[in-house]
Amino acid sequence: IEDETFPGTAVLVWKDGNTVYEKAFGNYTYDPQSEKVYPHTLYDLASVTKVVATTTAAMICYDRKWFSLDDKVIKYLPEFGFNGKENITLKNLLLHNTGLPAWKKFYGRNLKSDDVIKEIYSSELEYKTGAKTVYSDLGIITLGKIIEKVSGKRLDIFCKDEIFTPLDMNATFFNPKDSIKKLCAPTETDNYWRMKTLQGEVHDETSAMLGGVAGHAGLFSTAEDIGKLISVLMNKGKYNNEQFIKQSTVELFIKRYSEESTRALGWDTKSDSGSSAGIYFSKNSFGHTGYTGTSIWADPERNLFVVFLTNRVYPTRENTKIQKVRPQLHNAVIKSIEKIDAK
């Protein structure tokens, strides 16, 4: 914080079934007079939405046999099948190997949300499906639309009804109400599109254009709430001794899919070098990061996970110092728990 990597943060460490560390540090902004952050401060999760909301929702739909991972996207979204995309499967969406571009700039073009979705569905592929892995927002936005189709509910309502309410995640929202916005750490001072400092409004421009509800970004939450969900995954799908997600489904989604890439289904796994999880987390660890400065890393071998939430994009996304801090934090956690001699 002194180094201005981020103004505020929440850190939660869970080990063997218990939260062993949960603290908040800093303020909303670098002004020491600004609001202090607390463990109940909400953060814009950015791409951590992909796993907390969309991937978990996909697990639930898969459990209910509402779709198979080998189903083609066009079975649910026929309008997606243009420009060589007719054979893309749900598994391709989750593995980020569809061939879709990573990202497209939609904002500043006077598009409505329907126009954005149409452009995604009519996108051309940048490489052959399955040939390589390119992390893509467009694929996960598409997956969110499939979940809406098979469930008959908008993604935010499905997630609230089927994930957040059952798991007592009472501080997890798409589009926080005005009364909750003041509990959210501010993100960027947007001086190129919205011309204001964002607080309680989604930072991701594409999600904003989609009304703040999208498969790839839009969720606000606390470290404690995220911990409730990750503890279910660590507990082989159980919550309060009831099977919330099938054990076989959890195992299927969190394991590395092939040696060609670090991707699991929706989740990522630890790379051999340069991982934001640091050097001590096991190879079987799974996790995800978010652009605003958020991350989850879980190590099943150690029965441990770390939730690390920050608003590093305040006041500008140009600040990338968090890339150094993330591995240092995770190393410090393991050193502390396992009494590893600091090298």
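The lining of the largest pocket divides into 8 nonpolar, 12 polar and 7 charged residues. Here Ala, Val, Leu, Ile, Met, Phe, Trp, Tyr, Cys and Pro count as nonpolar, Asp, Glu, Lys and Arg as charged, and the others, Gly among them, as polar. The model is predicted; local features need pLDDT of at least 70, side-chain atom pairs count only at pLDDT 80 or more, and totals for chains, interfaces and linings use all residues. Residues are numbered from 1 along each chain as its sequence is written, and side-chain values use heavy atoms, with hydrogens and water left out.

The largest pocket has a volume of about 550 Å³. S47, G290, Y291, T292 and R312 are the closest to its centre among the 27 residues that line it. Strand 11 and helix 10 are the elements that give two or more residues to this lining. Helix 10 gives the most, with 4 residues. A pocket is an open set of points on a 1 Å grid over the protein atoms alone, where a 1.4 Å probe fits, with protein on both sides within 12 Å along at least five of seven lines; lining residues have an atom within 4 Å of a point. Grid points are joined across faces, edges and corners, and the volume is the space filled by probe spheres set on the points.

An open sheet of 6 strands has the order 2-1-13-12-11-10, with antiparallel pairing. Strand 2 (18-26) and strand 10 (268-269) stand at its edges, each with a single partner strand, so one side of each lacks a neighbour in the sheet. Strands (E, at least two residues) and helices (H or I, at least four) are DSSP runs, numbered from the N terminus. Two strands pair if DSSP finds at least two bridges between them.

Strand 13 joins strand 1 in the antiparallel sense over 7 bridges. In this pair, V11 stands opposite F308 of strand 13. Strand 12 is joined to strand 13 by 6 bridges, and the two run antiparallel. W297 has V306 in strand 13 as its bridge partner. Strand 12 and strand 13 form a hairpin with 4 residues between them. N303 in the turn has a positive phi of about 55°. Strand 11 (residues 286-290) and strand 12 (residues 294-299) are antiparallel, with 5 bridges. H288 stands opposite I296 in strand 12.

Buried means under 20% relative accessible area, exposed over 50%, and partly exposed in between (1.4 Å probe, protein chains only). L304, V306, F308 and T310 point one way from strand 13, and F305, V307 and L309 the other way. Helix 10 (residues 322-338) lies across strand 1 (8-15), strand 11, strand 12 and strand 13 (304-310). The helix runs at about 145° to strand 13. Axes are lines fitted to C-alpha atoms, for helices over the stretch in contact, and angles run from 0 to 180 degrees between N-to-C directions.

An open sheet of 3 strands has the order 3-7-4, with antiparallel pairing. Strand 3 (43-44) and strand 4 (173-174) form its edges, each with a single partner strand, so one side of each is left without a neighbour in the sheet. Strand 4 and strand 7 (residues 219-221) pair over 2 bridges. F173 has F220 in strand 7 as its bridge partner.

L183 lies in the loop between helix 6 (178-181) and strand 5 (189-190). L183 touches Y28, T41 and L42, not counting residues up to four places away in sequence. Contact means heavy atoms within 4.5 Å.
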